Amino acid sequence: MFCGIADGTQPASIVADAGEVLAFTDVQPAHSGHLLVVPREHATNLAELPAATGRAMFALAHRLAAALGRTDLPCDGINLFLADGAAAGQEVWHVHLHVLPRITGDGLIRITAEWQIRPRPELDEVARKLRAELMA
Ligand SMILES: [Zn+2]
């Protein structure tokens, strides 16, 4: 689907073409101005995505977020959102970063107060596991 947009064989409302990454409007937007940033080269998920391409995706999303704030589209805030894997809500198997305008009170995605503050030793243990993987 997104490979077809990247090679021009499928229609999309292109917002930006930055070479290795491009951005277009989500065909089923949560709000007007909901954009997707994708790599031109197919990558199913983050594990397949070259690090440099990930940086380019974020850089373009960053520029788009600023641009959205300068338009007259309703936009009180922005979420950058990437679903990696089915459990995370990924439904299109070509990596894509959502640039999602938010409107006060829309209730789309929220950090909930029901998430409990965890004890420091537990947080330290999680951090230790991840530091070990980053150094591996
Ligand atoms: Zn693809």
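Q: Which residue is the bridge partner of L35 in strand 5?
A: V99 is the bridge partner of L35. Keep in mind that this is a predicted model.

Q: How many bridges join strand 3 to strand 5?
A: Three, and the two strands run antiparallel. Strand 3 covers residues 35-39, and strand 5 covers residues 97-102.

Q: Zoom out. In what order do the strands sit in the sheet?
A: The order is 1-2-3-5-4. Five strands make up an open sheet, with antiparallel pairing.

Q: Which strands stand at the edges?
A: Strand 1 (14-17) and strand 4. Each has a single partner strand, so one side of each has no neighbour in the sheet.

Q: And what does the twist average?
A: From one strand to the next, the average is 20 degrees.

Q: How many bridges pair strand 2 with strand 3?
A: Five, in the antiparallel sense. A23 stands opposite V37 in strand 3.

Q: Is strand 2 mostly covered or mostly open?
A: Mostly covered. Four of its five residues are buried.

Q: Which strands does helix 2 lie across?
A: Strand 1, strand 2 (21-25), strand 3, strand 4 and strand 5. Helix 2 runs at about 160 degrees to strand 3. The helix itself spans 51-70.

Q: What pattern does the chain follow along the sequence?
A: α-β-β-β-α-β-β-α. In total there are three helices and five strands.

Q: Switching to the metal. Which residues coordinate the zinc ion?
A: C3 through SG, H42 through ND1 and H94 through ND1. The distances are 2.0 to 2.2 Å.

Q: How are those donor residues spaced in sequence?
A: The spacing is C-x38-H-x51-H. C3 and H94 link distant parts of the chain, 91 residues apart. C3 belongs to helix 1 (residues 2-6), while H94 is in the loop between strand 4 (77-81) and strand 5.

Q: Is H94 buried or exposed?
A: Buried, because its relative accessibility is 2%. C3 comes out at 31%, so C3 counts as partly exposed.

Q: There's another histidine, H98. Where does H98 lie?
A: H98 lies in strand 5. It is at 14% relative accessibility, so H98 counts as buried.

Q: What does the side chain of H98 make a polar contact with?
A: The side chain of H34, at 2.8 Å.

Q: Which residues does H98 touch beyond its sequence neighbours?
A: Leaving out residues up to four places away, H98 touches D26, H34, L35, L36, N79, L80 and F81. L35 in that list is the residue whose bridge partner is V99.

Q: OK, D76. Where is that one?
A: D76 is in the loop between helix 2 and strand 4.

Q: Is D76 buried or exposed?
A: Exposed, because its relative accessibility is 54%.

Q: Which residues does D76 touch?
A: R102, I103 and T104, again not counting residues up to four places away in sequence. A polar atom of the D76 side chain lies 2.8 Å from the backbone nitrogen of T104.

Q: How far apart are D76 and G105 in space?
A: 9.8 Å, C-alpha to C-alpha. In sequence they are 29 residues apart.

Q: Last topic, the whole chain. What box do the C-alpha atoms fill?
A: Roughly 50 × 40 × 25 Å, taken along the principal axes.

Q: What share of the residues counts as buried?
A: 29% of the 136 residues.

Q: And what about the accessible surface?
A: It comes to about 9000 Å² for the chain. Carbon and sulfur atoms account for 57% of that.

Q: What share of contacts joins residues at least 24 apart?
A: 53%, among contacts between residues at least 6 apart in sequence.

Conventions
Residues numbered from 1 in each chain as written. Predicted model: local features only at pLDDT ≥ 70, side-chain atom pairs only at ≥ 80, totals over all residues. Heavy atoms only, no water. Buried < 20%, exposed > 50% of the residue type's maximum accessible area, 1.4 Å probe, protein only. Polar contact = N/O pair within 3.5 Å; in protein donor to acceptor, adjacent residues only side chain to side chain. Contact = heavy atoms within 4.5 Å. Donors = N, O, S within 2.8 Å, 3.2 Å for Na, K, Ca; no water. Pairing = 2+ DSSP bridges. Axes fitted to C-alpha atoms, helices over the stretch in contact; angles between N-to-C directions. Areas by Shrake-Rupley, 256 points an atom, 1.4 Å probe, with all protein chains shown as cover.
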